[in-house]
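Here is a structure to look at through the terms that describe it.

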Amino acid sequence: DLRMSRGLGDVYKRQHTCYILPTFSISHMLASPSVSRHVKTDFRLASHFMLKGADAFSVAKTTYTDTFNDIGKIREAFATVEKRGYNPMDAIGWDYETNTLRGEMKGSKILTISLSWEEGRAVTIPVEHPEYPHTPENLKEVKSLIGKFLIANTYKVAHNGQFDMRISKQLIDQKLTVANSLDTQVGYYLT
């Protein structure tokens, strides 16, 4: 007994002879347009399967670039993501690690920001991490690069993005307005 809503996005292999990819029918999608993004994602996965075979269902190994506190590598990372995210299917994943859940508290810090711009490619950049301290000038530049990334008219994806956006206003720039950031936590509750 496989319920459609529980099986979406998962791939099942039966007796080593075929794969089953549950998806909504086109007629259901036409009647309920809100499911069209799920159908598009399923068709994209099916097309990857036709190109790559069973490898399309395996999780790609992620290559993390470690910038430590090398300002040149940090600039390169932001230059790379600056060229991406101009459509929702090319969105840039981002996430903070902080030392608190309350950015308004004295001593609150963004420890790192992680960015991912394509499958298997990611970078973690220390911001105010105690093991990778920046000079005051470099810290100011890193925060400026983060601010430019967040206000850019590119698509971004965060999980619990409301927290990251609030922390950005509190610890980077109070006037900062994050543009085009999708939130997987909100999306989960909407579907």
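Q: What makes Y19, F49 and M50 a nonpolar patch on the surface?
A: Y19, F49 and M50 together have about 310 Å² of accessible area, taken from the Shrake-Rupley method with a 1.4 Å probe, where for residues only the protein chains shown count as cover. A patch is made of residues with over 30% relative accessible area and no salt bridge, nonpolar side chains (Val, Leu, Ile, Met, Phe, Trp, Tyr) being joined within 5 Å and like charges within 9 Å. This is a predicted model, in which local features need pLDDT of at least 70 and side-chain atom pairs count only at pLDDT 80 or more, while totals for chains, interfaces and linings use all residues. Residues are numbered from 1 along each chain as its sequence is written, and side-chain values use heavy atoms, with hydrogens and water left out.

Q: Why is M50 called exposed?
A: Exposed means over 50% relative accessible area, buried under 20%, and partly exposed in between (1.4 Å probe, protein chains only); M50 has 69% relative accessibility and therefore counts as exposed.

Q: Why does D90 count as buried, and what is R84 called?
A: D90 is at 17% relative accessibility, so D90 counts as buried, whereas R84, with a relative accessible area of 22%, is partly exposed.

Q: How do you know that R84 forms a salt bridge with D90?
A: The term requires a side-chain nitrogen of Lys or Arg within 4 Å of a carboxyl oxygen of Asp or Glu, and the closest N and O atoms of R84 and D90 are 2.9 Å apart. R84 also forms a salt bridge with E118, at 3.0 Å, and R84, D90 and E118 are linked in a network.
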